[in-house]
Amino acid sequence: MVLEVKHLSKRYGALTAVEDVSFSLAQGEILGLLGPNGAGKSTTIHMLLGLITPSAGEVRVFGLRFCDYRKHILQLINFTSPYVSLPLRLTVMENLRVFARLYNVEHPQKRIDELLELFGVGALRNQPVARLSSGENTRVGLCKAMLNNPRLLLLDEPTASLDPEIAWQVKQVLLQAQREFGTTILCTSHNMLEVERLCNRIVFMHHGRVIAQGSPIEITRAILKEERSEPALEEVFLRVARLEESAP
Amino acid sequence: MKIHRIQAVMIRHLYEIRRNADRITDMVYWPILDIIVWGFFTIYLAHGGRGGNRLADFLLGAAILWGMFYAFQRDLAVGFLDELWSRNLINLFSAPLDVTEYLCGLVVVNLIKVAAGAGCASLIAWTCYAFDILPALPQLVPYMLNLMLFGLALGVFTSGLIFRYTTKVQGLAWSFAGLLQPVSCVFYPLSALPRPLRLVASLLPTTQSFEGMRQVLAAGAFSPPRFWCALALNVMYFGAAAMFFRWIFESARRRGLLVKFE
């Protein structure tokens, strides 16, 4: 297993952000972490990266306990989110050079050039990050996330702010990485159609707990409690969100 | 610790100097301005026959050394604030980088910045006010190192406070060293302070270093007791600051603050 999450919990005093979350991820799998806002998706990803210390539970990456092998594991994985940024005054190229050095990437200039072209942002290499649009920022963030050819890629809404054409291109790049290098991907998204097409398996979270996990069709059947022949994650999402609204 | 990760932090902050006019202003503008003001003041003293050349040397030497100490403390905290302002902390600490490597990279860049600022100030002091720091430099270097070590301790402590209380207390990056100036005996000897404050002052590495500096400029004599006393105090303060920062950093991880900075 590339990733094993066992009984992971995070409590802030009386507030429980994540409770008893367990799932695993095999090599080359693409797993979608879904749920309404406040479901605990980002907290879970941040715990997987060691940015938040769990209150209970264990994270193992490549069979190693994260807390014992933090640096070794972080060298082999990477992360991006549209909600974090790179230093704003530095140019795209300067930022990627910094992170290439941080991850000790071999032939950094070649790798950076490849990625800039792959994500269609080659023309922006000398632009300060502060001048980029949100979609361009998302793509530069993806370049950063792919710099070290990660074996496990954690993506928080990887296609947020992208127009459908660019979002499609990004998906193709991720699928190519999965096919060619066996990259394992864990992503969150609010675009249910995209999740249905991209992910082999889904973990659906609500109020910090896993309420269902399986393939998109299994999730659809489990939450809608109906026999369906096609996945309908949008409906699943709305059902869960409306349950919350109608709750006393 | 890996050298490539320290280099990455250095490259990041060297690029920042190149791209950010504020950093260049901090690096050379303020040290130059300070020395010009103090230089005119020493000319005024000399014309009035007050204190003579020795007092002028003490003031200009103190202005250069205080500038180094202040810049070192400020730039360490501001370097850290740069990551906070650009929301880059998550990128950095989701990479295989640890706080010690980050600090090492920042310290090396700060040494370069401080050397550039002090170099400019010394050049102006020499050309405009006939104060040549070079002959005394070998004996002043140990005191300078102590001042920068104390600047590092204060910078780490200030960064810890910013970590805990976020950008609400970012003003400390520029003001914390100033708080210690009155009791650091920068421009006057320890004996000038009221008796109750002397004990407090003598517990600061800055006081020991500036007293030592005056001995060097007055008699060309390096005082090992002052150096060792300042070093011992620095080891204590730096140890305390490092423990404080580590405690705050782990607490920020537990409380989820690392991902919530704005």
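**Val61(A) and the fold of chain A**

Val61(A) is buried, with a relative accessible area of 1% (buried denotes under 20% relative accessible area, exposed over 50% and partly exposed in between, with a 1.4 Å probe and protein chains only). The structure is a predicted model, in which local features need pLDDT of at least 70, side-chain atom pairs count only at pLDDT 80 or more, and totals for chains, interfaces and linings use all residues. Residues are numbered from 1 along each chain as its sequence is written, chains are lettered from A and ligands numbered from 1 in the order in which they are written, and side-chain values use heavy atoms, with hydrogens and water left out.

Val61(A) belongs to strand β4, which covers residues 56-61 of chain A. With residues up to four places away in sequence not counted, Val61(A) touches Val2(A), Leu3(A), Phe66(A), Ile73(A), Ile77(A) and Leu152(A), a contact being heavy atoms within 4.5 Å. Leu152(A) stands 91 residues from Val61(A) along the chain, yet 8.8 Å separates their C-alpha atoms.

In chain A as a whole, 56% of the 248 residues are buried. Of the contacts between residues at least 6 apart in sequence, 64% join residues at least 24 apart. The secondary structure comprises nine helices and ten strands (DSSP runs numbered from the N terminus: helices are H or I of at least four residues, strands E of at least two). Along the principal axes, the C-alpha atoms fill a box of roughly 55 × 40 × 35 Å.
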